[in-house]
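I opened my notebook to record what I looked up in this structure. The entries follow in the order I made them.

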Amino acid sequence: MRKESRLITWIWWIVVVTALFLLGFIIGWFAKPTDPNTANSSDSSKYLREFLDEMQPHQIREHLRKFTRLPHLAGTEQNLRYAEQIKQEWLEFGLDSVEMVPYDVLLSYPNKSQPNYISIVDRLGNEVFSTSLAEPVPEGYEDVSNVVPPYSAFSAKGQPEGDLVYVNYGRTEDFFQLEREMGINVTGKIVIVRYGRIFRGNKVKNAILAGAKGIIMFSDPADYWAAGVQPYPDGWNLPGGGAQRGNVLNLNGAGDPLTPGYPAKDYTYRFSLEDGVGLPKIPVHPIGYHDAIHLLKNMGGQIPPNNWKGALNVSYRTGPGFTDDFKSQKVRMNIHTNNQVTRIYNVIGRIRGALEPDRYVILGGHRDAWVFGGIDPMSGAAVVHETVRSAGRLLSKGWRPRRTIIFASWDAEEFGLLGSTEWAEDNAKLLQERAVAYINADSAIEGMYTLRVDCTPSLHTLVYDLTKHITSPEEGEDGVSLYESWHKRDNWTNDRDAPRISKLGSGSDFEAYFIRLGIAAGRARYTKNKKTERYSSYPVYHSVYETFEIVEKFYDPSFKRLRAVAQVRGGLIFLLADSQILPLDVNQYADSLRKYAQSIAQLAQRHPEEMKTYEVSFDSLFSAVENFTVAGRDFHERLQTLNRADPLQVRVVNDQLMYLERAFIDPLGLPGRPFYRHVIFAPSSHNKYAGESFPGIYDALFDIENSADPMKAWEEVKRQISIAAFTVHAAAMTLTLPA
């Protein structure tokens, strides 16, 4: 009896356990979480809307106000204090981690006891005129100390004296015209050039190559004066005493001049100051147009072409030297600038990705300014700050991006993109393996007309889609999208019926990420109407008049334009970090490559006889572009049938998309520019600010008709065509099925 009772008990327990197991299995089956790779995108879309709506104009205003009260030049105590404040506030906003990363780089400052200036001297060496030692201080800032006077960072020291020669904008073509058509040799002379059109460092390089022993740069009202606008503080034009600071290096992407290619850590080997990369060998100095009049008004020599004449009431004669009555007078430069290794600090904040923490989306912009930085860079830094605050609010509601987001406040951008380049060098191996995209966050506003976007072609579609979900900031455009407002104001008429998107050049912190490492990159800002506003950049660029007030009174009183830029930059990093499939469009890249190939071939075909003589053909490049186009089309067709529930398949296609930009990198770099390694895009050799497509071919073709050795020159063109063809074909191969 006892045995039967025990048997019944055992059977009973088996039945109960089995029933419970089956019940648990059923509950588990129906309650199992949705695979993150098949989750509905509605959650992400909801969070994107919340993210964009969280960004507030009044918050951006407050950020801009607090970071523009004092001068904060790279390497100074105040710039360090701002870095510490940014770190603290980013942590308070809710980022997972924030660190300050130091580097010891070469910076350049005026000598406080021996100020820089230009003088006119008589035959006895007595000064009969001297330029201003400082800009007139704007109202409200009279008691502010540590305003650095206008200077050209990294200028050579010296006091050269000689005849003055005017060379327009100091472009390559201006020096060619001066020498070849006007017959003027500047060897041993001091040249004076207008600011504008090209990067100031290229002007200095051109003067050195032409044999000049010094160069003076001035801001002409023709280039820094908007019609019908008063000078600051009554308007936003540059006052006559205002001058543009800036570095005059020719780094070509090297980073710190003493540690090219490697991060400037305490253990890093450094070149001597004499051997630093890109340092000019002649004195350089900037002046305002009130001072420029005194140097130009008595110039002798030829009357130049009309397109060499600015808006000053002078003849713009070329020289050399002054007219007969003043022939004995010379110009003397007095430059005492010191270069010194100085510690700088980047601030790096992170939000760890939930599913792919080893994939990085970066939003980076610089913090250092020449003085107050009201526009450059703090309009951009205020936008980054608001983006971080808004991301923190989302984190507090339970959101976490699929991929890791990195926020960066770079130091020493104004001294040659140093902070961003050193961090890129320091983390190059990681970034090459893990970085999805880099969105730049320099100045967020340079005009009051419409949006401006420069980016790699694979981001075009994403930019268009995003801007359709952002409201126009313009008065009278309620209910109009930013896309529609932008499209109406800047249609890409000769290309397509869509807003214009430009190529990336350089001159800002995306350079090392895009052009050296091959990371997809883009930038967005509010800009002027380029059809009617012909002035360079914006009038008060790099002057003491870049204040908080110039933004609040003139550029963006409502701060809605800055919010729109924040929403574009923030929206890009959100979608790149949170989309299941990376929102990069290969077909757009193929379309751009076709146009770039046609354009560079047309440039070469201006020399039909030489192309025939030296058997130059672009067939291999066109064939490679066709291969890329087919591969891109096939890739996007495969995306339509992708099993998005399979995380491995998703990862494979995302890696193909992420590494596509890397495929355009040539490890050998461009000729003479080893840190510019992107075969499709690089800054022009003649203007760092402008982007060239197929730069290797473009540089080989430049001024080829005047080559001393035509056969050698055309052989180099053929070599560059072959490199481009191979690179495009190799990039196409990365888009094919893995096996």
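**Around helix α15**

I began with what covers the buried residues of α15, and the cover includes α3 and α16 (560-578). Helix α15 spans residues 548-555, and its buried residues are F548, E549, I550, V551 and Y555. I note here that the model is a predicted one.

**The whole chain**

I then looked up the totals. I found 22 helices and 19 strands in the protein chain. Its C-alpha atoms fill a box of roughly 135 × 70 × 60 Å along the principal axes. I checked the radius of gyration too: a compact globule of 739 residues would have one near 27 Å, and the 29 Å of the protein chain agrees with that. Buried residues account for 59% of the 739 residues. For contacts between residues at least 6 apart in sequence, I noted that 79% join residues at least 24 apart.

**T68**

Where does T68 lie? I found T68 in the loop between α3 (57-66) and α4 (77-93). T68 counts as buried because its relative accessible area is 0%, and the cut-off for buried is under 20%. Leaving aside neighbours within four places in sequence, I listed its contacts as Y82, Y141, F372, G373, G374, M378 and F548. F548 is one of the buried residues of α15. Between T68 and Y82 there are 9.9 Å in space, C-alpha to C-alpha, and the two are 14 residues apart in sequence. A polar atom of the T68 side chain lies 3.4 Å from the backbone oxygen of R65.

I went on to helix α9 (residues 378-396), where S379 has its place. S379 is buried, at 0% relative accessible area. Not counting residues up to four places away in sequence, S379 touches L64, G373, G374, S443, A444, I445 and L562. The backbone nitrogen of A444 lies 2.9 Å from a polar atom of the S379 side chain.

H385 also lies in helix α9. Is H385 buried or exposed? I put it down as buried, at 2% relative accessibility. Its side chain makes a polar contact of 2.7 Å with the side chain of E89. Among the residues that H385 touches, I noted H63, K66, F67 and W90.

**Backbone checks**

Most residues other than glycine have a negative phi, and most peptide bonds are trans. I found a cis peptide bond joining Y232 and P233, with omega about 15 degrees. P233 is in the loop between α7 (221-224) and β9 (246-247). The peptide bond from G319 to P320 is cis as well, with omega near 5 degrees. P320 is in the loop between α8 (289-296) and β11 (330-334).

For N168, I noted a positive phi, near 55 degrees. N168 sits in the loop between β6 (164-166) and α5 (172-180), and is buried at 0% relative accessible area. For A412, phi is also positive and near 55 degrees. I placed A412 in the loop between β14 (403-410) and α10 (418-426), where it counts as buried at 0% relative accessibility.

Note on methods. Residues are numbered from 1 along each chain as its sequence is written. This is a predicted model: local features need pLDDT of at least 70, side-chain atom pairs count only at pLDDT 80 or more; totals for chains, interfaces and linings use all residues. Side-chain values use heavy atoms; hydrogens and water are left out. Helices (H or I, at least four residues) and strands (E, at least two) are DSSP runs, numbered from the N terminus. The radius of gyration is taken over C-alpha atoms; the globule rule is 2.2 Å times the number of residues to the power 0.38. Buried means under 20% relative accessible area, exposed over 50%, partly exposed in between (1.4 Å probe, protein chains only). Contact means heavy atoms within 4.5 Å. A polar contact is a pair of N or O atoms within 3.5 Å; within protein, one must be able to donate a hydrogen and the other to accept it, and residues adjacent in sequence count only if both atoms are side-chain atoms.
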